Amino acid sequence: MNPSRRTGRWIEHWDPENEHLWATRGRRVARRNLALSIASEHIGFSVWSMWSVLVLFMSPRIGLPFTPDEKFLLVVTPTLVGAALRIPYSHAVLRFGGRNWTVLATAVLLVPACAATHFVQRPGTPLWVFLLIAALGGVGGGNFASSMTNITAFYPQRLQGWALGLNAGGGNLGVAVVQLLGLLVIAVAGDTHPSYVAACYLPLIVAVSLLCALRMDNLAPVRAEKGAQRAALGSAHTWWISLLYVGTFGSFIGYGFAFGLVLQTQFGASPLQAASYTFLGPLLGSLSRPFGGRLADRWGGARVTAWTFAGMAAGTGGLLLASRAGSYGLFIAAFTVLFVLTGIGNGSTYKMIPAVFAEEAGREVTAGRDAGEAFARARRRSGAVIGIAGAVGALGGVAVNLAFRAAYGSEGGSGTPAFLGFLCFYVVCVVVVRTVYLRPAPDDGDPLGPSRVRRRGASRV
């Protein structure tokens, strides 16, 4: 059937695994929705991470004399709210449709952006007001889960690593872009005008909301299956992948939110000095995410993820050396390497989700079950797991910022205890990947990697 046949804004028939339909019209429909999904997610990430920039402006000079401990709390708050919203956001796509929910989720960002623009201009505003606005900004973090769930359904399984990497990487760029905007404001107008940062997003939110309303589509075949989320919660793969995503995305978003404050607290950097470097890591981490998906398409998500965590452990060792030596340059270099690796790991870990459930569907077909139903169920469960893993992974960002808050909470505090904790966690993740996803297959002893995949035609986990 025609994949672009619509009832209202719903596409009634969609099967991305059908080669003829994909080659004729499906690819074009998927790319259009992917482009708009990236735009929406990008704005969501920018609003979500805006407080990592606004706290750099907060000082007695503008009547907002908050302590480092209070500033870390302002950074933690939207991270926590964004994590909590990811499961309901991923379910909302299945319930209401990708286009419908994307329009609403983008338009609602006007509320925290307008509130931030107004209150950061008010000297003496109490902390609880900013905590409330930061919590409202957390809705931008939920956009990631709904966007990823939506785009998964548009692409065939063999292309999902690259598509999800582009979608997530374009969204993650919002962290770097809002920090670049903060640098631009500080360089041009000084460090006393934080309202300029928030105000820039007001027309962008309106424009992206309208474009999504006019050009995106809903997919009828991926409406919510009763019990899909319950089934996902009962799968061990959901929790193993969520743990890995804590290490990749949790590190990316946690470091992205806290990097500027860490530079200010540990090295006494000025707002301009901190802003000059904070964007670099999130920028490179965002750009590397699609390549993590591409590498996972080629070599297998588990193999790429294992090597990524090994590299992150080494990079954290570099942070410990830089902290001990008091080297500002080495500290920034090690953090930048970590950001790149988190981006690669984000892409490879998310590639594992549809691959794992597609492989389970393949076993069901081999056992005699209907192929169409098996793979449709796999896509629905993948969408549910994306929401769960995204939520748990974002909680990793909360943990990172709480670790920094504890480490730097006392006068003269150091980040060393936090970095030691991160190092141990990355080692645990390497062990999990190797034990659960790279263990020898019981029948032939061959690791679950690309060589086994090519011989058997299985999904590249």
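In the predicted model, 34 aromatic pairs are present. One of these joins Trp-48 and Phe-257, whose ring centres lie 5.5 Å apart with their planes at 70°; the pair is therefore edge-to-face, since planes over 60 degrees apart fall in that class. Trp-48 has a relative accessibility of 0% and hence counts as buried. Phe-257, at 2% relative accessibility, counts as buried as well.

A further ring pair is formed by Phe-309 and Tyr-426, with centres 6.3 Å apart and planes at 35°, so that this pair is tilted. Phe-309 belongs to helix α15 (residues 301-325) and Tyr-426 to helix α18 (residues 416-437); the pair therefore ties together parts that are 117 residues apart in sequence. Both Phe-309 and Tyr-426 are buried.

Helix α1, which spans residues 19-48, also contains Arg-32. This arginine counts as buried because its relative accessibility is 18%, and the limit for burial is under 20%. The side chain of Arg-32 is joined to that of Asp-217 by a polar contact of 2.4 Å.

An arginine is also placed against an aromatic ring: Arg-298 lies over the face of Trp-299, at 4.3 Å from the ring centre.

Definitions and conventions:
Residues are numbered from 1 along each chain as its sequence is written. This is a predicted model: local features need pLDDT of at least 70, side-chain atom pairs count only at pLDDT 80 or more; totals for chains, interfaces and linings use all residues. Side-chain values use heavy atoms; hydrogens and water are left out. Helices (H or I, at least four residues) and strands (E, at least two) are DSSP runs, numbered from the N terminus. Buried means under 20% relative accessible area, exposed over 50%, partly exposed in between (1.4 Å probe, protein chains only). A polar contact is a pair of N or O atoms within 3.5 Å; within protein, one must be able to donate a hydrogen and the other to accept it, and residues adjacent in sequence count only if both atoms are side-chain atoms. Rings of Phe, Tyr and Trp (its six-membered ring) pair if their centres lie within 6.5 Å; planes under 30 degrees apart count as stacked, over 60 as edge-to-face and the rest as tilted. A charge sits over a ring if NZ of Lys or CZ of Arg is within 6 Å of the ring centre and within 35 degrees of the ring normal.
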